[in-house]
Structures are given as structure tokens and as C-alpha cells.
Amino acid sequence: MLISILLIIVGFVLLIKGADFLVDGSSSIAKKFNIPQIIIGLTIVSIGTSMPELFVSTASAIKGSSDMALGNIIGSNICNLLLILGLSTMIRPVKFQRETRLIEIPMCLVVTAIFAIFCNTDGQISRTEATILIILFIIFIIYTIIMGIKGKQFDKEEPLQESKSNEKELSMLKSIIYVAIGVIALKIGGDLTVDNATSIARMFNVSEKVIGLTILAIGTSLPELVTSVMAAKKGNSDIAIGNIIGSNIFNILLIIGVSAMISPLTYNFTYNIQMWILIASTMILSLFPMLPPKNEMCRFNGFTYILIYIGYMAMLFLI
């Protein structure tokens, strides 16, 4: 069992470093084609932090582990909202930009509701439903690019900032090598994590559902955790909350879409408890801007989220 635990840790390291290599290489290639930095940040970097979930869920789908594929995404989204956003807010209160509270949070709620409806209609995510999710993902990417270009006109509260670019410029060959290393690391990391998490689950008679909702969910959310906590420390609260909301939307539309396109995902109706927790948590987030202090998620809100997450984790092992 110790070997399995070590291999899961190795898998997580490969997932996180693989995502870094993929983002760095892709960003460098994009810069060479004069794609604006803001677009790179809103698309490549955002998708990059969701790469661990993508590779774990697709590997699970290929191996027929629907419980693990779905549990990873539902658990990751709950972890992103309650734990990561909660911790980020405890470090520094999060200010809601106009675009975030009027468009992105409601969009995240709608996407989550669509996901719940698809799961509960016939007990699976079919390829037809997967196609709809992927189409919605393409629409969301187009929206993201448009808002990246026109964000300054839409949101007058705080201008969008370009990322500082102190790192050395990568050559085209090195950029392609980075992308290749990233993809290989993500593939190996995804396989190691899924295989060994499944092995431990069987050893202790723990269901794939619980493994997906806990170990895999937290492990694959590490890039979002690092990104959001560092953003909060530096006072970039819009990046902290934008990363979480964007990642949750990507997880459902892109990752569930791709995983179900590979192999339709059978839905375990016992996930409905977690699904309602996810929907309720997103609804609570939409209320925070309206409560005092207005347009801000204060430390008390973050503490409330963390308490809910602790209760949720306790429930997983008690029920």
C-alpha cells in the first residue's frame, strides 16, 4: 500500500508539473503568433490549471470508472468553491468585479444546473449530452476572449492587468518540447493516480465514489489552490475568484464533455447529495455580493465556506 501512496504522490507531482510545462510551452507559442497576453491568460492558463482533472477523468472514463470520473469533477468543483475560495478569502477579502457577479457566477450556476439535469435524466451523460457540453464550452471560450478584449469597457472598477513577463523567451523548438513533456507528464500522472487510487480503494473496500470525491478531487485541485492562494496574497482578488469560477465551468463543460464523448458516463444517483451541495454553494456565492460588505466576499464568508467543507468531508465518511 505504501508503494501505491507514493505512486499517487508521484502522479500528482507529474500532473502539476505537466500542467506547468504545457502552459509555459503553449503560452510561448501563442506569444510568437502575437496573441495578446490577456487572451493567453484567460484561455491557455485557465485550461492549464484544469488539465489534471481532464487527464484523471478521461483516464477513468477509458478504464470504465465512471464513479471516479464524475466524483473527481464534482469533488473538485466543491473543493474549488468551499476550500480554495474559502482559504483565499481568509488570506484577503475578495472583491467581486461587475463582470464576475453579473455574468460569470450566474453562468457557473446555469452550467452546474445543466450538468445536474443531464445526470438525472437517464442516469448517464450520453455522447449527445457530451456534444452539447463541448459546444457550450466553445461558446464560453468565445465569450472569454471577447471579454478579455473588451473587459476594460465593461468593468470600470479596476483595469485588467497584463501579466508580468520577466521569464526568458522560449525558442519555438523548446516551446514544442515543453508542450510534449507536459502532455506526456499529464498522461503518466493521470494513469498513476487513477490506477493506484483504485488499488487503495479496493484494499480498504472504499468506493470509487469516495476516492474520487476526496483524494482525486483535492489532488487535482492543487494547481487552482496554488494559483488562487498566491493571487490572494498578492492582492489580485479578481484573479483568485476568476480562476475558481472559470475552472468550475471548464471542469463541467470541457472535462465531462470530453470524458463522456470517449465513453458515456454512468451516473450514480447517490451523487445527488454532493450535486446539491455544489449547486447550493454556487447559489451562496451569488448572494455574497449582495450582503454587507457589498460586492465583497469577506473573511467571515470564507470561514463559513471552510466550515461547510469540513462538514461535507465528515459527511462523506460517516454516511
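A residue counts as buried when its relative accessible area is under 20%, as exposed when the value is over 50%, and as partly exposed in between (1.4 Å probe, protein chains only). By this rule V258, at 25% relative accessibility, is partly exposed. Keep the rule in mind for what follows.

The model is predicted: local features need pLDDT of at least 70, side-chain atom pairs count only at pLDDT 80 or more, and totals for chains, interfaces and linings use all residues. Residues are numbered from 1 along each chain as its sequence is written, and side-chain values use heavy atoms, with hydrogens and water left out.

Start with the whole protein. It has 319 residues, and 51% of them count as buried. Its secondary structure comes to twelve helices and four strands. Here helices (H or I, at least four residues) and strands (E, at least two) are DSSP runs, numbered from the N terminus. Contact means heavy atoms within 4.5 Å. Take the contacts between residues at least 6 apart in sequence: 85% of them join residues at least 24 apart.

Now go inside. A nonpolar core is a set of buried Ala, Val, Leu, Ile, Met, Phe, Trp, Tyr and Cys residues joined through side-chain atoms within 4.5 Å. The largest such core holds 75 residues. Which of them touch the most other members? They are L85, F115, I125, L285 and Y312. Helix α4 (residues 66-91) gives this core its largest share, twelve residues. In soluble globular proteins, nonpolar side chains tend to be buried together.

Setting aside neighbours within four places in sequence, Y312 is in contact with G75, I78, L213, Q274 and I277. Two of these partners, Q274 and I277, belong to helix α11, and Y312 itself belongs to helix α12.

Helix α11 covers residues 272-287 and helix α12 covers residues 299-318. Their axes come within 12 Å and cross at roughly 180°. Axes are lines fitted to C-alpha atoms, for helices over the stretch in contact, and angles run from 0 to 180 degrees between N-to-C directions. Angles under 35 degrees count as roughly parallel, over 145 as roughly antiparallel, 65 to 115 as roughly perpendicular and the rest as oblique. So α11 and α12 are roughly antiparallel to each other. On the α11 side, I273, Q274, I277, S281, I284 and L285 take part. They meet Y305, I308, Y312, M315 and L316 of α12. By class, this contact has nine nonpolar, two polar and no charged residues. Ala, Val, Leu, Ile, Met, Phe, Trp, Tyr, Cys and Pro count as nonpolar, Asp, Glu, Lys and Arg as charged, and the others, Gly among them, as polar.

Next comes the loop between α11 and β4 (296-297), where P293 sits. A cis peptide bond joins P292 and P293, with omega about -10°. N295 lies in this loop too. Its phi is near 60°, a positive value in a residue other than glycine. Is N295 buried or partly exposed? N295 counts as partly exposed, at 30% relative accessibility.

In helix α7 (residues 172-203) you find L186. L186 has 0% relative accessibility and is therefore buried. L186 and F55 are 131 residues apart along the chain, yet their C-alpha atoms are separated by 6.4 Å. Beyond its sequence neighbours within four places, L186 contacts L14, L15, G18, A19, L22, M51, P52 and F55.

G71 is in helix α4. It is buried as well, at 0% relative accessibility. G71 and Y271 lie 200 residues apart in sequence and 7.9 Å apart in space, C-alpha to C-alpha. Contacts of G71 outside four places in sequence are S76, G212, L213 and Y271.

The partly exposed V258 belongs to helix α10 (residues 237-262). V258 and A130 are 128 residues apart in sequence, but 6.8 Å apart from C-alpha to C-alpha. Not counting residues up to four places away, V258 touches L54, T58 and I134.

Last, the cysteines. A disulfide is a pair of cysteine sulfur atoms within 2.5 Å. How many disulfides does this rule give? The count is zero. C79 is buried, at 1% relative accessible area. C298 is buried too, at 15%.
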